[in-house]
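Please open the model in your viewer and keep the selection tool at hand. The tour below goes from one selection to the next and says what is to be found at each stop.

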Amino acid sequence: MVSSSHEAMHRIFQEYPGLFSRVSEVLGVEIGSPASATVMPTDLTENRPLERRVDTLLRIDMEDDRSYLLAIEAQGKKDPDKPASWMYYLSYLQAKYKLPPMLLVVCQDRATAEWAARPFPVGHPQSPVLTLQALVAGPHNMPVITDVAEARKDLALATLAAITHAGDPDIGAILKTLSTALRDAPETIADPIVELTAQGLGNRPAAQQWRNLVAVDLSFYKSPLSEEIRDEGRAEGRAEGRAEGVARSILLLLAQVGIEVPDEAREHITGCTDVDTLSRWLLRVPTATSVEDVFTEK
């Protein structure tokens, strides 16, 4: 199953096609600024029943009338079969569109990134006929952006950098920088970045950090994610309110039947946030002879 982080690592280039020119500079390859970019069909399936799809495919047109194809692959782990697929993609694209293809692989862990960056030769070891050499963006070479001014200069690059550093120990500072940089950005710019970042972090602990930052730093935005977070907050608030009400009822009933409630038991009752558990305790109060009877099922 394709993960949300996998989708974000290549979809960001569909949202911001010019991002590759900045990423290429980070990777030490001078490509230049594009004049325009076109999202191309990603289906590379032949007539025979063998489906092949590149994650994202862009046609980049330069100001000097040169054009090339950029295939972007999000790679979550080492896959010994993938280099052969990548070679097929590039050969097929060259043959079909008669344009030079490039391959960018985006990774979120260093080991996979370093593996993908290796040259992959095809043919006899003493005389390979082809060698695949992909450009790779990952935690090993993408910048750790913790300066708000730097993030504001290029929000798309800052977003991709945050996604590739999803497992970095400094991810909290990286995400805080990004959320702060977005405060002054129009919603039309901030909304896709908020969503792509959430997707890119997947189910990592950093995803909750991002949700918290969106709820606080970007509370004025109306993006689907921020609305979802606010809805969750309202639901949690209602649940907490119900739990507090049941807890107060338990303590009042215990006082009415003359059962003493030590501080430790009182904290146990008021600290419980599960309404179902509190309701069970409430039902036991009328037949209880001590506070322990409330917690123990007979």
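Select helix α1 (residues 4–15) together with helix α6 (residues 155–164): in this predicted model the two pack at an angle of about 170°, with their axes 10 Å apart. An angle over 145 degrees counts as roughly antiparallel, and α1 and α6 are therefore roughly antiparallel to each other. To see the contact itself, show the side chains of Ala8, Met9, Ile12 and Phe13 on α1, and those of Ala156, Thr159, Leu160 and Ile163 on α6. Sorted by class, this contact of α1 with α6 comprises seven nonpolar residues and one polar residue, with no charged residues.

Next, select helix α7 (residues 171–182) and helix α8 (residues 187–201), whose axes come within 11 Å and cross at roughly 165°, which makes α7 roughly antiparallel to α8. The crossing in which α7 passes α8 is left-handed. Leu175, Leu178 and Leu182 make the contact from α7, while Ala190, Ile193, Val194, Thr197 and Leu201 make it from α8. By class, the contact of α7 with α8 has seven nonpolar residues, one polar residue and no charged ones.

For the last stop, turn to the largest pocket, which has a volume of about 200 Å³. Select its lining, made up of Met87, Leu90, Ser91, Pro101, Met102, Leu103, Leu130, Thr131, Leu132, Gln133 and Leu135. Colouring by element shows that α3 (82–97), β4 (101–107) and β6 (127–132) each give two or more residues to this lining. Which classes of residue line the largest pocket? Eight of the lining residues are nonpolar and three are polar, and none is charged.

Terms used. Residues are numbered from 1 along each chain as its sequence is written. This is a predicted model: local features need pLDDT of at least 70, side-chain atom pairs count only at pLDDT 80 or more; totals for chains, interfaces and linings use all residues. Side-chain values use heavy atoms; hydrogens and water are left out. On a 1 Å grid over the protein atoms alone, a cavity is a set of points where a 1.4 Å probe fits but cannot get out, and a pocket is an open set with protein on both sides within 12 Å along at least five of seven lines; lining residues have an atom within 4 Å of a point. Grid points are joined across faces, edges and corners, and a volume is the space filled by probe spheres set on the points. Helices (H or I, at least four residues) and strands (E, at least two) are DSSP runs, numbered from the N terminus. Ala, Val, Leu, Ile, Met, Phe, Trp, Tyr, Cys and Pro count as nonpolar, Asp, Glu, Lys and Arg as charged, and the others, Gly among them, as polar. Axes are lines fitted to C-alpha atoms, for helices over the stretch in contact, and angles run from 0 to 180 degrees between N-to-C directions. Angles under 35 degrees count as roughly parallel, over 145 as roughly antiparallel, 65 to 115 as roughly perpendicular and the rest as oblique. A crossing is left-handed if the near helix is turned anticlockwise from the far one by less than a right angle, and right-handed if clockwise. Contact means heavy atoms within 4.5 Å.
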